[in-house]
Amino acid sequence: MQSSLKKSLYLGLAALSFASVASVTANSSNANAAKKHAAAKKVTYKTTNKNLDQSVTFKSTGKNAVYNKAVGKRSVVASLSDMKSKANSNSTKDLFMAYQEGVTSKGVHYYKVVSFDKKVRGFVYNKGVAKTNTTVAANKPANATGYLTNTNRFFNKAYGSQFKTSLKNDYKGMNIAADQFTVSDAVKVNNDQTYYYVTDKNNQLINGWVNSVYFSNTITDAAKNATNSANAIHVKFVDRANYGSVLMEKDMNPDNLSSTGTYSANDVNNSVNKALVGTGFNNPSVVSDSVAKGNTITVTVDKGATQYLTPANFQSAAYNNAGTINQTEDKDGEGQVNTKLSQLQLSSDQWKALFQGNANQTFNFNNFEASLLAPGKAWNQFTIGTKTYTYNANYTRNSNANKVNTGNNNFRDMTYDEIAAGKFTIYYDVKDSSNTTTNNGNMDNTVRLANNALSSYNNAASNTSAADKLSNAEKAANVSDAASLRALLDSAKLNDKTTGLDGLNKLVNDQVQADKDAQANKNAENTQLTNVANKAKNNYVDAVKGQKVDGVAVNPAFDGTTGAIVDSITSQQDLAKVNSFAADKAKTAINNALSDSVNSNDKTSKKFTAKDVQNYFAQSANQSGLPKGFTDAVANAQF
């Protein structure tokens, strides 16, 4: 009985143990299955906003890379290193625009971004970029009216301020290079570039953002050309020996256009004579009356008298060690080379082709050089004793001694008659075979002129004033001012230890600075005068626009917006009344503008007068965009 009970107990325990083990095994299997199921569940991404504000700009924080996908198997579009570099960049191309955002199933937020240069596009963790303000307010120019040096770079927004900034192509091909523009707003963008919002004064529909480097208060060449074209007179040159033959036609802008749009006879005659230089024609008929801009005149001329040059009209200049501080002139050698030049043998046709031309005709140096001075030609090289003299083309061509100074340090080539009346210098390098000293084979005219200036300075008497020392040095260097001498000395690169160079440099630098200060004062005065003149014009327009004039048939006599005298007034009697009314208003406008300037905080060392303002508007460069009748009104105002 007891034995049977024990067996039963053992069997019960065994069964219980088996059941427990089975239960544990089953639970373990279920847990593993759950884990596998969880591991098999993929991370997903959902776009939460497909239309982010694209005017918002983002900048890299340098903390995260950009990938081609937000989740899954993905590749790097911009590495962490690249993004760190962009975080420290001020370049517009390294900014970003975010156009979508989304979140993964794990709650990680991403932006879909594109760089401003469109080279990087992909997904970045939302802490990898941050919103940034790409613009700050900037100062507008003191004179907000000026010209554009580039009229093909109008943007709809300041470039770099937003992703979608684009060029405005509407104005391409339009003739607006001569127009004046007004600046109404200014911003500085991420890359420290300043942009101005400008509007064409002649057409309010032409506007946009331009880089400030393209804006200038100085009239551009295009504007000058347009003004010159509008103010030009047309001249026909007729051969006096054959009245039916028009030799040439030229548009010319004589000096001193009057406020009534005419040039004096004297200014026209001077312009005609200048225009004939180099043509081979001279002795123009005299213009006796003033000429209005836009008019055509006919001038008769003669063919210049034939000029017969000879070798005696050409002289040599020979230098040892040319282009160095040891440069010296070989005076004896020059005399012997001149003898060689005089022995030239040519056929009659060659003499005519090379040495014959007309008075007032530019000397044909290209043909002369190719025929006589090129390697292998008669005057290219001479050997005299132990010395060899070789033609220096660079020095000869660039020497101001062979040119005519037309003023302001502007030079032109000589004419046949000018060479016949003087000398044309041909420069030679010298090499002496009896020693090892040679020159550089290309005599540097700049070094020679710099040495001339230095020699003049060093040889000046002790009681010579600083001003005279500088003036004499400028003359020796064949320049007209200190700035030109400074540029010459810099280009020559003389040895710093050269005797007297420090003293000459100080003298030149002091004068350059003084000239800059004087120019700065002049610019400040010009700016102030421009401001006064603009104020006067605005005062005038406000006073006359839409105004009626007693006794005039057509009223109002002035346009209600621009202040221009209306075109429908044709009666000379009515025009006289309107012009008198306008002159009175111009006088008041100018006086009020001058008064405002005196009472303002914007002062210069010069106090302007009404005559200064009249002279300002009398200049053709300042007449663009003015209302009809205003220029005459200013000219007729009595002060």
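**Start.** I'm working from a predicted model, so every value here is computed.

I found 41 residues lining the largest pocket, with Ile 219, Tyr 616, Gln 619, Ala 621 and Asn 622 closest to its centre. Strand S10 (145-148) and the helices H3 (221-231), H13 (501-544) and H15 (610-618) each put in at least two residues. H13 has the largest share of that lining, at nine residues. I also sorted the lining of the largest pocket by class: 21 polar, twelve nonpolar and eight charged.

I count 14 residues in its lining, and nearest the centre I noted Lys 201, Gln 204, Lys 537, Thr 562 and Gly 625. Strand S12 (194-200) and H13 are the elements that give two or more residues here. H13 gives the most to this lining as well, with four residues. By class, I get eight polar, four charged and two nonpolar residues for the second largest pocket.

**H13 again, now with H11.** H13 kept turning up, and I looked at how helix H11 (residues 466-476) sits on it. I get an angle of about 100° between H11 and H13, with the axes 10 Å apart. Angles of 65 to 115 degrees count as roughly perpendicular, so that is the label for H11 and H13. On the H11 side the contact uses Ala 466, Lys 469, Leu 470 and Ala 473, while H13 brings Leu 504, Leu 507, Val 508 and Gln 511. I sorted the contact residues into six nonpolar, one polar and one charged.

**Cis peptide.** Next I checked omega. The bond from Asn 555 to Pro 556 is cis, with omega near 0°. I placed Pro 556 in the loop between H13 and helix H14 (572-599).

**Positive phi.** I noted two non-glycine residues with positive phi. Lys 118 has phi near 65°, and I find Lys 118 in the loop between strands S6 (109-115) and S7 (121-125). Buried or exposed, I wondered about Lys 118? Its relative accessibility is 57%, and the cut-off for exposed is over 50%, so Lys 118 is exposed.

Asn 478 has phi near 60°. I located Asn 478 in the loop between H11 and helix H12 (482-492). At a relative accessible area of 28%, Asn 478 goes down as partly exposed.

Note on methods: Residues are numbered from 1 along each chain as its sequence is written. This is a predicted model: local features need pLDDT of at least 70, side-chain atom pairs count only at pLDDT 80 or more; totals for chains, interfaces and linings use all residues. Side-chain values use heavy atoms; hydrogens and water are left out. On a 1 Å grid over the protein atoms alone, a cavity is a set of points where a 1.4 Å probe fits but cannot get out, and a pocket is an open set with protein on both sides within 12 Å along at least five of seven lines; lining residues have an atom within 4 Å of a point. Ala, Val, Leu, Ile, Met, Phe, Trp, Tyr, Cys and Pro count as nonpolar, Asp, Glu, Lys and Arg as charged, and the others, Gly among them, as polar. Axes are lines fitted to C-alpha atoms, for helices over the stretch in contact, and angles run from 0 to 180 degrees between N-to-C directions. Angles under 35 degrees count as roughly parallel, over 145 as roughly antiparallel, 65 to 115 as roughly perpendicular and the rest as oblique. Contact means heavy atoms within 4.5 Å. Buried means under 20% relative accessible area, exposed over 50%, partly exposed in between (1.4 Å probe, protein chains only).
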